[in-house]
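Here is a short briefing to read alongside the structure. Could you keep the viewer open while you go through the points below?

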Amino acid sequence: MSSRVIVHADAEVLAEAVAARLATRLLDAQAARGVATVVLTGGRIADAVHRAVAASRARDAIDWSRVDVWWGDERFLPAGDPERNETQARAALLSAVPLDPARVHPMPASDGPDGDDAQAAAERYAAALAAAAGPGHQTIPFFDVLMLGVGEDGHVASLFPEHPAAHPDSYGEATVIPVHNAPKPPPTRLSLTPPVLDSAEEVWLVASGAGKARAVELALAGPGPVQLPAGGVHGTQDTVWLLDQAAAAGVPARFRSPLR
C-alpha cells in the first residue's frame with residue numbers, strides 16, 4: 001500500500017496540524033461508530049501534538065468519555081517516571097480532558113503487578129488488548145488511528161533496525177513483546193508487534209527536524225521492515241507521513257501530497 005507524505009513549514013505548524021487532524025479523526029470515528037480509539041506514541045513531537053490538542057478549540061467538541069487510549073510502546077520504567085510515554089501524555093493532554101479512566105490503557109510499569117518481569121508485563125498488555133477486542137478481532141481491538149514517531153535510526157515504537165525484536169521469528173503470534181537490549185536507553189521496553197501496528201485503519205508517522213531526514217528518505221524508498229521498521233508499517237486504509245520541511249528534506253517531490 002502506498003503512503004502519502006504531507007509537509008508542513010516547521011515543527012510548531014506540524015504539531016498544530018497533526019492535532020487538528022487528530023481531533024477531526026476522533027470526531028469522525030465517534031460520528032460513525034459512537035466511539036473512537038487512538039494509539040499514542042512518545043517523543044518530543046508527540047508531546048507537542050498532545051499539547052496542541054489540549055489547547056485546541058476542537059478539544060471540547062470531542063466526547064472524551066468515549067475515546068479509548070492505547071500506547072504503541074513504552075519504556076519499562078516505574079510508574080510516573082518522566083521518561084515514560086504515559087507520563088508525558090498525561091501531563092500534556094490526558095489530565096486536561098474528561099476521559100473515562102477505564103478506557104485509558106497504559107502499558108505496565110516496572111513497579112507494577114509483574115515487577116521487573118517484562119515478559120509477564122507484555123503478556124498482561126496483550127490480555128488487555130484481547131479483552132477489548134470486538135467481533136471479528138480476536139486478539140486486538142479496532143484502532144481508528146495509530147501514531148508513530150520516527151527515530152533518527154528509522155525505528156518506530158520500540159522496534160529498532162536489525163534488532164531481534166523486529167524479526168518475525170521473535171514475535172510469532174504475539175501482539176505485545178518485551179524488547180531487551182534496546183540501542184537507546186532505557187534498554188528494556190514493551191512494544192506492539194508489527195502486525196498489530198499494521199492493523200490500525202490509519203497509521204500516521206510523524207517526524208520533525210533535520211536529524212530525521214535521512215531515516216524518512218530511506219523509509220520511503222521501500223526497505224524491508226527488519227532493516228528499517230519505519231518503512232514497513234502501513235495502515236489498512238491509509239498511511240500518512242506528517243513531516244516538517246527539515247524532516248522532509250530528502251523526500252522527492254513525487255511523494256508529496258497536497259495539504260488536506
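A helix axis here is a line fitted to C-alpha atoms over the stretch in contact, and angles run from 0 to 180 degrees between N-to-C directions. With that in hand, helices H1 and H2 pack with their axes 8 Å apart, at an angle of about 60 degrees. Please bear in mind that this is a predicted model. The points below go from helix packing to the nonpolar core, then to some individual residues and the backbone.

**Helix H1 against helix H2**

- Angles of 65 to 115 degrees count as roughly perpendicular and those under 35 degrees as roughly parallel, and H1 and H2 are therefore oblique to each other.
- The crossing in which H1 passes H2 is right-handed.
- On the H1 side, the contact is made by Ala11, Leu14, Ala15, Glu16, Val18, Ala19 and Leu22.
- H2 contributes Ile45, Ala48, Val49, Ala52 and Val53 to this contact with H1.
- Sorted by class, the contact of H1 with H2 has 11 nonpolar residues, no polar ones and 1 charged residue.

**Helix H2 against helix H3**

- Helix H2 covers residues 44–55 and helix H3 covers residues 85–92; their axes come within 8 Å and cross at roughly 25 degrees.
- That crossing angle makes H2 roughly parallel to H3.
- H2 and H3 also cross in a right-handed sense.
- Asp47, His50, Arg51 and Ala54 of H2 make the contact with Gln88, Ala89, Ala91 and Ala92 of H3.
- The residues of the contact between H2 and H3 divide into 4 nonpolar, 2 polar and 2 charged.

**The largest nonpolar core**

- Which members of the largest nonpolar core touch the most other members? They are Trp71, Leu148, Leu192, Trp204, Trp241 and Leu243, out of 81 residues in this core.
- Helix H1 (residues 11–33) gives the most to this core, with 8 residues.

- Tyr125 lies in helix H4 (residues 118–132).
- Buried means under 20% relative accessible area, so Tyr125, with 2%, is buried.
- Not counting residues up to four places away in sequence, Tyr125 touches Trp70, Trp71, His105, Pro106, Met107, Pro108, Val176 and Leu192.
- One of those partners, His105, is 20 residues from Tyr125 in sequence and 8.4 Å away in space, C-alpha to C-alpha.
- Thr175 sits in the loop between helix H5 (168–171) and strand E6 (176–179).
- Is Thr175 buried or exposed? Its relative accessibility is 9%, so Thr175 counts as buried.
- Leaving aside neighbours within four places in sequence, Thr175 is in contact with Ala126, Leu129, Thr139, Ile140, Ser191, Leu192, Thr193 and Val196.
- Thr175 and Ile140 are 35 residues apart in sequence, and their C-alpha atoms are 7.8 Å apart in space.

**Backbone points to check**

- As background, most residues other than glycine have a negative phi, and most peptide bonds are trans.
- Glu162, which is not a glycine, has a positive phi of about 65 degrees.
- The place of Glu162 is the loop between strand E5 (145–149) and H5, and this residue is partly exposed, with a relative accessible area of 47%.
- Asn181 also has a positive phi, near 55 degrees.
- Asn181 belongs to the loop between E6 and E7, and at 67% relative accessibility Asn181 counts as exposed.
- The peptide bond from Pro185 to Pro186 is cis, with omega near -5 degrees.
- Pro186 is found in the loop between E6 and strand E7 (189–192).

- Arg254 is in the segment after strand E9 (238–244).
- With a relative accessible area of 71%, Arg254 is exposed.
- Along the chain, Arg254 and Val5 are 249 residues apart, while their C-alpha atoms are separated by 9.5 Å.

Methods. Residues numbered from 1 in each chain as written. Predicted model: local features only at pLDDT ≥ 70, side-chain atom pairs only at ≥ 80, totals over all residues. Heavy atoms only, no water. Helix = DSSP H or I, 4+ residues; strand = E, 2+ residues; numbered from the N terminus. Parallel < 35°, antiparallel > 145°, perpendicular 65-115°, else oblique. Left-handed = near helix turned anticlockwise from the far one by under 90°. Contact = heavy atoms within 4.5 Å. Nonpolar A, V, L, I, M, F, W, Y, C, P; charged D, E, K, R; others polar. Core = buried A, V, L, I, M, F, W, Y, C linked by side-chain atoms within 4.5 Å. Buried < 20%, exposed > 50% of the residue type's maximum accessible area, 1.4 Å probe, protein only.
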